[in-house]
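Student: I have a protein model open and would like to talk through a few of its residues. Could you help me?

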Amino acid sequence: MSDAVVIGSGPNGLVCANLLADAGWSVTVLEEQDEPGGAVRSDHAVDPDYVSDMFSAFYPLAAASPIIASLGLDRYGLRWSHAPHVLAHPLPDGRCAVLDRDPGTTAANLNGFAPGDGEAWLDLCRGWDKVAGPVLDALFTPFPPVRAAATLAARVRAAGGLRFVRELLLPVRRLGEEKFAGEGGRLLLAGNALHADLTPEAAGSGGFGWLMSMLGQSHGFPVPVGGAGALTDALVARLRDRGGSLRCGQPVTEVVVRGGRALGVRTADGDAVRARHAVLADVSAPHLYRDLVAERYLPSRVHEDLRRFAWDFATFKVDWALDRPMPWTAPEAAGAGTVHLADGVDALTRFAAQLATGHVPDQPFLLFGQMTTADPTRSPAGTESAWAYTHVPHEVRGDAGDEGLTGRWNERETEAMADRMEKQAERYAPGFRDRIRGRRILAPPTLQAADANLHDGAINGGTAALHQQLLFRPLPGTGRPETPVTGLYLASASAHPGGGVHGAPGANAARAALRARGPLHTAAVAAQRALTQRKR
């Protein structure tokens, strides 16, 4: 019997398991898939000579996370790489907004859109410099972040007080219009807001666009050398180095509860895996409360609130092996790891409106990744390992394009949608399609089959909108990892602070489980483990 059972080996599950092992607990991690990593995996399936990241690819939140930093993953082979530019947003007329890790370079680029916009960008950076520390502390600690909030309040006053807070609550369209005369700065903010499901007119999208832009400015959008799987490999190696156990191909079908307490889990093959102290679930909140925990063990309000749980957008992704680099019309885009493709903020609003009305967008906003540009180990010299994803409705009511897509995502529809995305990329890089030597299509059902947490390809464990954040995440009044079942903790992106590879939900769950046992117990276990290791 292990002290803890962790369901799921995504980054949150592995961070959770590592922190428990650090405290001296014995830990068993059970993973449904045949390999660990959740949405942090890479392979050679598109072309044997190319490394393709299957899901997530760029990791600004990991670079900023004190949780990830505390694990010392460099000792387990993890290395980071950066593209020459963080982000580019080309326009059909050849202009291109560029986010660079050098604020002066970003500012000079934005001045090309309108004089004075560079100084406006530097003003955003100065605000970030004043509040970055406590903002990240608040983001990566359990809710409510009491200590971080007190420090943040003082820093916010220095950054402009209520005027600063007002800007963060603005829709990103409005924030961009207030800050920038030209289109470049507006595009950087609005495109970054759509890394979550926050549309240009959504309240708070200005704050998220600012956060992602400033993370890119200060930390870049780094990638693991050799592929996203290198991050998972390091987490797994660290866990095993501390005696943790990982069992793949072991889907969990039930959390075993007796007397209101989680005692362990049952797997699909009928095995009972006991947990002495805690079960920690790196699974979505709907899956945990609807499928794994019997309804009789939960207050009736849980299932009532689940009816109002909102997913973030569904996702459609295509991976490519290109025999030459992308032929961008805007040369600045060639040096960016991440490229946003939309004709402007109005096009982003149009895209979002089509999603809101259940229509598959006819000119999808693409987040395009140039992985060899970011990490030369990903493919042979002179080639590019690339991908793009866009969003589609969970429930398709119509197709804004001409192909009559219905959301069945059969072979005809997946091929048609992939072709639509390629045609959109071709508008900014004529000749792109002639350079494709291999492609892989990951439609919403394919993404979910490869990682059950990606419901229809939803990548953030639930919407990032204000009504499902903080004490409303994942359900009203449940902003912490504790659940109504004693000894059961939610450790996934469905919990505060949400999506992104930063480890905070897993770390928060681990700390809650350790706190429930008390500091004396934790110290005693750690001491006993140290003694046992010395005897060996």
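Tutor: Gladly! Helices (H or I, at least four residues) and strands (E, at least two) are DSSP runs, numbered from the N terminus. The model is predicted, so local features need pLDDT of at least 70 and side-chain atom pairs count only at pLDDT 80 or more, while totals for chains, interfaces and linings use all residues. Residues are numbered from 1 along each chain as its sequence is written, and side-chain values use heavy atoms, with hydrogens and water left out.

Student: Which helix does V165 lie in?

Tutor: Look at residues 162-169, the run that holds V165. That run is helix α7.

Student: Is V165 buried, partly exposed or exposed?

Tutor: Buried means under 20% relative accessible area, exposed over 50%, and partly exposed in between (1.4 Å probe, protein chains only). V165 has a relative accessible area of 34%, so V165 is partly exposed.

Student: Is S494 buried or exposed?

Tutor: S494 is found in the loop between β20 (488-490) and α18 (504-517). Its relative accessibility is 1%, so S494 counts as buried.

Student: Which side chain makes a polar contact with the side chain of H391?

Tutor: H391 is found in strand β17 (residues 384-392), and at 3% relative accessibility H391 counts as buried. A polar contact is a pair of N or O atoms within 3.5 Å; within protein, one must be able to donate a hydrogen and the other to accept it, and residues adjacent in sequence count only if both atoms are side-chain atoms. The backbone oxygen of A314 lies 3.0 Å from a polar atom of the H391 side chain. The side-chain partner, at 3.3 Å, is T315.
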